Amino acid sequence: MFRPLSLYIGSRFNRSKKRNRMVSFISMSSMLGIAVGVAVIIVGLSAMNGFERELQTRVLSVIPHGELQAVEPPLNNWQPLVKQIEKHPDVTAAAPYVEFTALLEKGTKLKAVGVRGVNPQEQLKVSELPRYVLNDAWSKFSSGKKEVILGQGVAKSLNVKVGDWLTAMIPNADPEMTQLRAPHRIRLQVAGILALGGEIDHKLAIVPLADAQKYMDMGQGVSGIQINVDKVLEAQRIVKEVGNTLPVYVYLKSWTQQYGYMYRDIQLVRTIMYLVMVLVIGVACFNIVSTLMMAVKDRASDIAILRTMGASDRLVKSIFIWHGVLSGVLGSVMGSIFGCLVAVNLTHIVRVIEKIIGHRFLSGDIYFIDFLPTQLAYKDVLIVSITAIVLSLIATWYPARRASSLQPARVLSAK
């Protein structure tokens, strides 16, 4: 098969068994440095992709994208408002909710949680939360039976399971704020467990909307209206547009106010990873400069013979450029293969490590997920590999220039 003479000679230089051992060692270390750098960056970017995927598919599919909260609850006559909100082209669904804080008690165990009252049927339109309730308990969830669905972390903290009864202490609202009233106690039965796998599991309890209205003495009023939008990253803008069309005063909230820092952190870490990629691979490529400078000295007589046979400066430069680029390409390929294998199995690998050391890296009561996610994007693999090859190409420029400037007569006379 035809290939350029410079590539042929450069590959022969790379494979030669008569090379100086120090040159061989430095060449191998530079190749491994590039491979390790490429692999680490691919794994890091895959982890960031995994966090972003879990944020969008797990957290943002469960929490409301936006909320229109009553300034002075309860919000009465909310049905026309829901219809008006749903007319906005970017709003996919809207549903009422009641929200309050309660202290759950089971024996000597206490747990403060945010309680959310939702309509079991309408909730299916605005959230995928029912999908994470175990054993299809959501289909049997209804008002009038004093039922509650607990997050998995809450249930574990209180040591309760489905069918157990517990006590909820709910604050007694004083409209005039003239005196402090004792909370009233309500007996609730655990109807299901929410297993989302993260921070929400440790602070959320769900009750039917009608029951929540009764507990809070709201009559037919609600705390506000939650909405789901088709453009999640533009939720803040959409919520403002919807709020401006309503005939009542409401507080405008979006998911970015509570969870936006997660998305910004992920994007920041991704940017830092790209910067680290250039620095790590760049440092590894400095070894290529050392390798080629030693190779030029080691192959000085060979270069001199080629020059006496009519080799041009361009050919000599190309030989050493290929000599260095081949190391970069080989290191990039090795790193990409290893990095892809680790990235695909990263979640399982981390779980095995957690079992061995007996410690969890991500705690569900602190982070929005309790495992290390991963998602391999071939675009990232391509970007990292091309960057490594380009940097290795740049590293060959000075040694190749030095090789082309050797004087054959002076080299051969010294021999």
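Tutor: Contact first: it means heavy atoms within 4.5 Å. With that rule, and not counting residues up to four places away in sequence, Arg58 touches Arg53, Tyr132, Leu196, Ile369 and Phe371.

Student: What are the ground rules for the model and the numbering?
Tutor: This is a predicted model: local features need pLDDT of at least 70, side-chain atom pairs count only at pLDDT 80 or more, and totals for chains, interfaces and linings use all residues. Residues are numbered from 1 along each chain as its sequence is written, and side-chain values use heavy atoms, with hydrogens and water left out.

Student: Back to Arg58. Which helix is it in?
Tutor: Arg58 is in helix H2, residues 21–59. Helices here are DSSP runs of H or I with at least four residues, strands are runs of E with at least two, and both are numbered from the N terminus.

Student: Is Arg58 buried or exposed?
Tutor: Arg58 is buried, at 17% relative accessible area. The cut-offs: buried is under 20%, exposed is over 50%, partly exposed is in between, with a 1.4 Å probe and protein chains only.

Student: How far apart are Arg58 and Gly198?
Tutor: In sequence, 140 residues; in space, 9.5 Å, C-alpha to C-alpha.

Student: And Val59, where does that sit?
Tutor: Also in helix H2. Val59 has a relative accessible area of 0%, so it counts as buried. Leaving out residues up to four places away, Val59 touches Glu54, Ile200, Tyr259 and Phe368.

Student: Zoom out. How many helices and strands are in the chain?
Tutor: The chain has 14 helices and nine strands. Of its 415 residues, 49% are buried. Take the contacts with a separation of 6 or more: residues 24 or more positions apart account for 80% of them.

Student: How was the pocket defined?

Student: What classes of residue are in the lining?
Tutor: Twelve nonpolar, seven polar and five charged. Nonpolar means Ala, Val, Leu, Ile, Met, Phe, Trp, Tyr, Cys and Pro; charged means Asp, Glu, Lys and Arg; the others, Gly among them, are polar.

Student: You listed Arg116. Which ring does its charged end sit over?
Tutor: The ring of Tyr97, 4.1 Å from its centre. The rule asks for NZ of Lys or CZ of Arg within 6 Å of the ring centre and within 35 degrees of the ring normal.

Student: How many aromatic pairs does the count come to?
Tutor: One. Trp138 and Phe141 form a tilted pair, 5.4 Å centre to centre with 45° between the planes. Rings of Phe, Tyr and Trp (its six-membered ring) pair if their centres lie within 6.5 Å; planes under 30 degrees apart are stacked, over 60 edge-to-face, the rest tilted. Both Trp138 and Phe141 are buried.

Student: What about the phi of Asn135?
Tutor: Near 60°, positive in a residue other than glycine. Asn135 lies in the loop between helix H4 (123–126) and strand E4 (147–151). At 73% relative accessibility, Asn135 is exposed.

Student: And Lys146?
Tutor: Lys146 has a positive phi of about 55°, and is not a glycine. Lys146 lies in the loop between H4 and E4. Its relative accessible area is 42%, so Lys146 is partly exposed.
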